[in-house]
Amino acid sequence: MTDRSSVAHCGQKSIHKFGLTLASSVLALGFATTVFAQDAAPAAPAAAPVDDTVVIVKGVRASITKSLAVKRRATQVVDSIVAEDIGKLPDNNVVDALQRVTGVQVTGRTGGEATAISIRGLPDIATTWNGRNVFTASGRQFALQDIPANLVRQIDVYKTRAADQLETGLAGQVDVATLRPFDFKGPEISVAARGIYIEPAKEFNPNISILASNRWQTGAGEVGALVNLSYARTKYADQSVTAGALVPFLTETNIPAGWVPLERIFNTDGRASENPIWTPGLYPGLPSAAGSTLNINGQAYPYYLSRDAIFQNELQGDRERPSAVAAFQWQPNADAVYTAEFFYDGYRNSTFNNLFFSFVDWWGNPGAVTTYPGTNILKTRTVDNVYGFNSGDMTVASTDSYVYALNGKWNVGENLQLVGDLSYQKSVFKSAFMAQRTDRVHSQINVDFNRGDGITEFNFADMAALTDPTAWNVAQFYDNGNRNFGEALTGQLDGDYTPDNWGPVKKFSFGVRWDDRKANEANRTQSSFLGRPLSAMDAGFSYYNSDFFSRADVPHEWVVANGYYIADHIDDIRDLYHSVDANFLTTDQLSLFRTFQVEEKTGSAYAQVDLENQVFGRRLRSEFGLRYVDVTTDMTFFDKATGDVGHDTKSIAKVLPSMTLRYDATDEFTLRFNYGETLRRPDFTALNPILNLAGDITNVGIGGGSGGNPNLRPTHAKNTDLTAEWYFSRGSAIYGTLFRRQIDGLVVPFFYTVNVPDADPALNATTFRVSAPVNASDGVLEGMELGLTYFPENLPGILDGFGVQTSITYLDSKQNVPVEGTDADHITKSLNTQFFGVSPLSYNATLAYERGPVGARLSYVWRKNFLDHNEASIFANPLGVWKRPEKSLDFQINYDITDKMSVSLDATNITDELSQSYYYFGGAGGQDTDNFGSSILGRTIAIGFRWKY
């Protein structure tokens with residue numbers, strides 16, 4: 001059984017009860033503010049101001065101290081990362097940097113970097129650049145990992161929301177701020193360069209940036225201009241070994257008449273009166289206790305559960321990220337500032353995925369097997385005459401995202417400030433996928449599905465044949481393409497009115513926003529089979545041998561189609577397959593087919609009031625707001641198979657309240673209470689109902705596939721936060737938060753079975769298990785965060801300069817996930833699970849040091865096991881796929897040669913951790929018997945140089 005949350009259920013109830021009690025008390029203070037203000041005689045004195053004595057700190061400590069100051073000043077619950085200096089965020093990209101923020105969990109560690117984040121366990125995050133909503137292609141969010149750290153001035157993670165902020169993003173908002181010329185007093189020039197070494201690719205990679213900025217006094221006022229350019233190239237390699245899914249097999253003895261020992265039991269078989277013999281997707285899976293039986297022809301027969309296949313892959317990638325920020329500012333007088341700025345973010349990525357796949361199935365001659373004690377699950381087995389294939393998969397992808405923006409700030413009289421913002425953005429993602437298979441029948445395979453610590457090992461009796469071209473045939477070729485496009489025109493006007501004497505009312509804010517968003521996607525797919533001996537192919541046909549996975553006894557070399565050759569000779573290969581299959585299109589015949597197009601118009605308006613009163617002699621600041629949002633989404637869908645065109649329109653209007661109370665109980669101790677409601681609209685691709693079918697590549701009798709659901713409704717969340725913060729000395733604090741998210745209609749994947757009698761014969765199936773997004777029933781996520789930032793004063797000698805920044809997050813979640821039904825609109829059964837991607841416990845700890853020219857930090861992040869996703873339910877596994885604990889030890893050190901020049905050394909994943917997964921659901925499965933995949937993450941080491949003028 002997996003290690004679940006370390007917080008006992010009763011403990012969670014106690015935390016929740018305490019949180020609501022304290023929240024109610026603070027809320028009562030908010031509604032009583034006016035009464036206390038009127039009854040106080042005389043009026044209570046204001047809270048003592050924060051000590052603003054200037055203490056000069058720099059480097060690592062300055063970054064941490066500035067981040068803490070942002071948190072202290074903010075009305076909302078905010079955690080921030082502030083760059084130590086120009087272009088000096090000590091990470092490669094925004095996602096890498098965010099892993100040290102309290103309550104942020106990072107996952108998707110591939111390609112030498114982290115690629116995804118969640119805030120308090122939820123991945124749905126509003127992404128903004130300098131306050132503007134930004135996105136990648138047809139998606140709702142921006143790919144934050146594509147933003148180089150060199151461009152970043154500050155990253156703010158908003159965990160609560162006010163009425164004047166975007167209503168989207170259930171988890172919160174991540175705002176990435178870049179520099180503007182008026183951020184500097186005068187001319188600035190900065191150059192930064194890093195060489196990053198990535199294992200196991202064994203490559204040094206460039207990461208460079210340059211910034212130039214200045215401001216001038218002119219006859220028309222003050223003007224400023226800034227340009228910040230960045231370029232990063234990363235050559236990386238990811239390696240993994242994976243044990244396939246579980247399916248039932250007969251035992252060596254006690255078998256039905258007409259069957260043979262250790263034969264695989266397909267769910268339907270013409271020799272059996274029962275049809276089906278077993279049902280794929282049973283929850284939590286077929287029983288795995290020793291002696292478990294299946295009914296075949298009216299009699300119970302014992303069975304084994306064994307993996308049907310193993311596979312391993314090495315993905316070699318070459319990624320480039322060119323980026324640019326440009327800004328021009330003009331201040332004609334003291335009452336107006338105008339800003340024009342531009343943001344470009346580029347992404348280029350080519351990957352060669354070298355895949356080795358073999359069945360571990362029954363094809364004739366049974367061999368020796370062993371089981372895990374007390375189970376019917378096979379640990380080791382030997383099988384003769386197994387089919388296998390290798391695939392050279394080449395993907396070439398690119399993204400170009402542009403944002404153009406104009407912003408004006410005006411002081412109108414003494415009391416009113418207006419801010420107007422107009423922006424246009426567009427983003428295009430393109431990809432091409434080419435894969436060629438070679439196949440053969442191996443004489444014998446020997447497998448240990450878990451040799452220990454979740455790692456699979458295997459070898460073949462004829463190992464030499466793996467690198468012998470004469471032993472292989474050339475088989476299928478897959479040729480796919482994709483184009484996703486998104487654009488938006490957005491206008492916004494905000495106002496702040498600060499009255500002279502309105503009693504407790506300190507500010508009244510209002511605003512309107514209008515957004516016209518368009519998106520579309522187009523793709524193409526085709527495949528064919530050649531069926532020729534590799535030895536008979538043209539001598540110019542190139543193949544590749546792999547050097548693979550040093551942590552396990554697995555094959556290290558094999559013949560596989562060279563993906564780079566495929567990309568360079570794609571016209572010749574298309575002609576080759578067209579010569580045996582007239583339906584396979586050549587280059588001049590290819591075109592993309594549009595699958596959907598969407599236009600979404602959003603109008604919103606808000607009103608918000610800020611109050612300040614005295615309660616028990618201390619300052620209470622409160623903020624109350626309402627945000628109204630009206631959304632109309634027009635969708636058109638295109639079915640390539642039938643030529644049908646569908647259309648649908650969805651509209652929603654909501655009023656979303658928000659409230660924040662901030663009570664300064666002492667000069668150093670602050671309490672905050674926040675209540676806010678947020679709304680998340682479904683991804684555009686999730687609305688497309690057209691099915692995309694996949695073939696039965698593992699011979700289970702059922703194909704796969706996916707489709708959207710135009711009937712998805714927006715997800716609505718009611719969010720409550722209660723925080724306490726104690727700033728016990730300059731640059732040091734202890735803080736804690738109790739929070740609760742009540743979520744209605746969270747979008748989750750749902751698998752159902754569909755029959756397609758006229759499906760393409762190449763798919764090898766007419767029955768498909770397809771996934772579609774559906775709204776889960778009400779879910780609840782609650783938990784607690786604790787954090788500490790501490791720089792001791794007056795430590796002796798060389799110890800002076802040490803500090804620590806650490807945090808821990810507890811999460812408890814539950815949701816009802818649909819698991820059975822005839823389609824996405826007709827659900828017949830749901831199961832209670834925790835949220836996907838939510839670790840019940842995570843923490844990070846950073847030891848920082850700043851003394852003289854030396855600045856350093858040693859960071860460790862860790863998160864507990866978590867449910868990553870539910871599998872397709874076409875096998876006999878437990879339903880859930882879990883990730884084992886994830887962790888990373890990172891180190892950075894910087895040395896200032898002069899005030900203008902510094903060098904640095906960075907290292908990530910120093911302990912060279914693996915990423916591993918396993919099957920588990922409802923008490924069945926676990927890391928020992930149901931291990932799934934193991935991937936090498938690899939270390940990175942970077943040497944950097946910075947100079948500024």
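In which helix does Asp575 lie?

Tutor: Asp575 lies in helix α6, which covers residues 570-578. Keep in mind that this is a predicted model. Asp575 has a relative accessibility of 42%, so the residue counts as partly exposed. The class follows because partly exposed covers the range between under 20% (buried) and over 50% (exposed). Asp575 belongs to a patch of negative charge on the surface.

The structure holds 43 salt bridges. Take Arg321 and Glu113 to begin with. Their closest N and O atoms are 2.8 Å apart, and the two form a salt bridge. This pair links distant parts of the chain, 208 residues apart. Arg321 sits in strand β14 (residues 309-333). Glu113 sits in the loop between β2 (104-107) and β3 (116-119). Both ends are covered. Arg321 has a relative accessible area of 7%, so Arg321 is buried. Glu113 has 9%, so Glu113 is buried too.

Next comes Arg194 with Asp906. Their side chains meet in a salt bridge at 2.1 Å, N to O. Arg194 is in strand β8 (residues 188-198) and Asp906 in strand β42 (residues 901-908), so this bridge ties together parts that are 712 residues apart in sequence. Arg194 and Asp906 are buried.

Arg939 and Glu199 form another salt bridge, with the closest N and O atoms 3.1 Å apart. Here the partners are 740 residues apart, and both lie in loops. Arg939 is in the loop between β45 (931-936) and β46 (940-948). Glu199 is in the loop between β8 and β9 (203-218). Arg939 counts as partly exposed because its relative accessibility is 29%. Glu199, at 26%, counts as partly exposed as well. Salt bridges can also share partners, and one network of this kind joins Lys71, Asp79, Arg120, Lys159, Asp721, Arg741 and Glu785.

Now a sheet. Five strands form an open sheet with mixed pairing, in the order β1-β6-β7-β4-β5. The edges are β1 (78-82) and β5 (132-133). Each has a single partner strand, so one side of each lacks a neighbour in the sheet. Inside the order, β6 (residues 152-158) pairs with β7 (residues 172-178) in the antiparallel sense over six bridges. Tyr158 stands opposite Gln173 in β7.

Strands β8, β10 (221-243) and β46 each supply at least two of its residues. Trp947 lies in strand β46. With a relative accessibility of 31%, Trp947 counts as partly exposed. The cut-off for patch members is over 30%.

Arg194, by contrast, is buried and meets Asp906 in a salt bridge.

Note on methods
Residues numbered from 1 in each chain as written. Predicted model: local features only at pLDDT ≥ 70, side-chain atom pairs only at ≥ 80, totals over all residues. Heavy atoms only, no water. Patch = residues over 30% accessible without salt bridge, like charges linked within 9 Å, V, L, I, M, F, W, Y side chains within 5 Å. Areas by Shrake-Rupley, 256 points an atom, 1.4 Å probe, with all protein chains shown as cover. Salt bridge = Lys/Arg side-chain N within 4 Å of Asp/Glu carboxyl O. Lys, Arg positive; Asp, Glu negative; His and termini not counted. Charge placed at Lys NZ, Arg CZ, Asp CG, Glu CD. Helix = DSSP H or I, 4+ residues; strand = E, 2+ residues; numbered from the N terminus. Buried < 20%, exposed > 50% of the residue type's maximum accessible area, 1.4 Å probe, protein only. Pairing = 2+ DSSP bridges.
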